[in-house]
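Welcome to my notebook. I looked up a few spots and jotted down what turned up.

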Amino acid sequence: MALAVEIRDLRKRYRGGVEALLGINLEVPEGEFFGLLGPNGAGKTTTIGITTGLVRPTSGTVQVMGHDVVTDFRAARRCIGLAAQELNFDWFFSLEDLMRFQAGYYGVPPASVKERALQLFEEFGLMDKRAVKPRELSGGMKRRFQIARSLIHDPDILILDEPTAGVDVELRHMLWDYLARLNREGKTIILTTHYIEEAELLCDRVAIIDGGQIITTGSPAALVAGQNRDGLVLELAGDGAAAAAALDGYELTREEGRLTVTVSRPELQIAEIVNRVTAAGATVQDLTIHRTTLEDVFMSLTGHSIDA
Ligand SMILES: Nc1ncnc2c1ncn2[C@@H]1O[C@H](COP(=O)(O)OP(=O)(O)OP(=O)(O)O)[C@@H](O)[C@H]1O
Ligand SMILES: [Mg+2]
């Protein structure tokens, strides 16, 4: 399958000495919805910056639709729509003007710009704001405009760096629906996020990045299956110490009266575990099955939480 983005042995050392990328490899096939999941400082924006030609690699290569991002910068850049992490508008122009400038920058034929811009304003609910300046938009509207503008040249690949950071729940769901639709219609989408739910819900494949290294890559389902952290969560009266003692031999974590028993196929172990605990005189007040999430996978592979 043709690759939209191919990253080989990519390293980045910033002036000042920070080693942001320690030699990463990634392949994103055309048409994929791909996620780069990692905590603050992992190297996500650096990876995006190099892929979009904004940051110089120290070594290694990135190809975008077969074009090298350094030696064939213009062709590579034209294939990408970028919604950057930091909003970077020219605040003195109207949204319409900014759309036009962006279209000009990417060589969109002037005859089709107006119609295309109106269509994007419509889709992103910004039709009645198109004559105003970006400073007059709410935070969510700015984010919507930024994504709309990145699509003016109808790029093959849409790259979004933390598109839903700091947006409200309603807008987050609207953006998720929109991105899922764009992907169904054929666009390759690459996003960075530290929202587990976003990665699990949207992405065909996810790369977990931490400390400038790709820790693992796979579909959310495969990653979860490979690091099974399913279990039973028992809420006990009191501190749960007696229950924990009764479950000696199981993998346990206890936080006050909450006891988590990590066990594969927890649904088959409910009776056994509850019997042991109640036989020891403990009272179970609540019981839930925990299914492995990408957060658990992240934690298992890196030893720390993604929000740490
Ligand atoms: N222009 C720069 N000059 C020097 N160091 C930088 C620069 N940009 C990023 N870094 C450093 O490189 C590392 C990776 O940063 P990067 O912005 O790629 O992380 P990130 O995964 O996007 O994090 P976040 O989730 O906070 O956006 C960090 O240690 C950061 O401080
Ligand atoms: Mg970033």
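**Entry: a glycine after a helix.** I began at glycine 303, which takes a positive phi of about 80° just after α11. Helices (H or I, at least four residues) and strands (E, at least two) are DSSP runs, numbered from the N terminus. I noted that this is a predicted model, where local features need pLDDT of at least 70, side-chain atom pairs count only at pLDDT 80 or more, and totals for chains, interfaces and linings use all residues. Residues are numbered from 1 along each chain as its sequence is written, while chains are lettered from A and ligands numbered from 1 in the order in which they are written.

**Entry: the helix itself.** Which residues of α11 are buried? I found Leu294, Asp296, Val297, Phe298 and Thr302 in this helix, residues 294-302. A residue is buried if 20 or more other C-beta atoms lie within 10 Å of its own, exposed if 12 or fewer, and partly exposed in between, with C-beta atoms placed from the backbone. The buried residues of α11 pack against β3 (33-37), α7 (196-202), β9 (205-210), β10 (213-218) and α8 (220-226).

**Entry: valine 167.** I looked in the loop between β7 (157-161) and α6 (169-184) and found valine 167 there. Why is valine 167 called partly exposed? Because it has 18 other C-beta atoms within 10 Å. Beyond its neighbours within four places in sequence, valine 167 is in contact (C-beta atoms, placed from the backbone, within 7 Å) with Gly140, Arg143 and Arg172.

**Entry: the cores.** A nonpolar core is a set of buried Ala, Val, Leu, Ile, Met, Phe, Trp, Tyr and Cys residues joined through C-beta atoms within 7 Å. The largest one here has 59 residues, and Val5, Val64, Ile157, Ile159, Ile190 and Val206 have the most contacts inside it. Strand β2 (residues 19-29) gives this core its largest share, 5 residues. I also found a second, separate core of 12 residues, including Leu234, Ala244, Leu247 and Ile273.

**Entry: the sheet.** Two strands pair if DSSP finds at least two bridges between them. I followed an open sheet of 4 strands, antiparallel in pairing, in the order β2-β1-β4-β5. Its edge strands, β2 and β5 (67-68), each pair on one side only. Between β1 (residues 3-13) and β4 (residues 59-64) I noted 5 bridges, and valine 5 stands opposite valine 64 in β4.

**Entry: ligand 1.** My last stop was ligand 1, which 14 residues surround, the closest being Tyr14, Ala20, Lys44, Thr45 and Thr46; a residue is near if its C-beta atom, placed from the backbone, lies within 6 Å. Helix α1 (residues 44-51) supplies the largest share of the shell, 3 residues.

Definitions and conventions. Contact = placed C-beta atoms within 7 Å.
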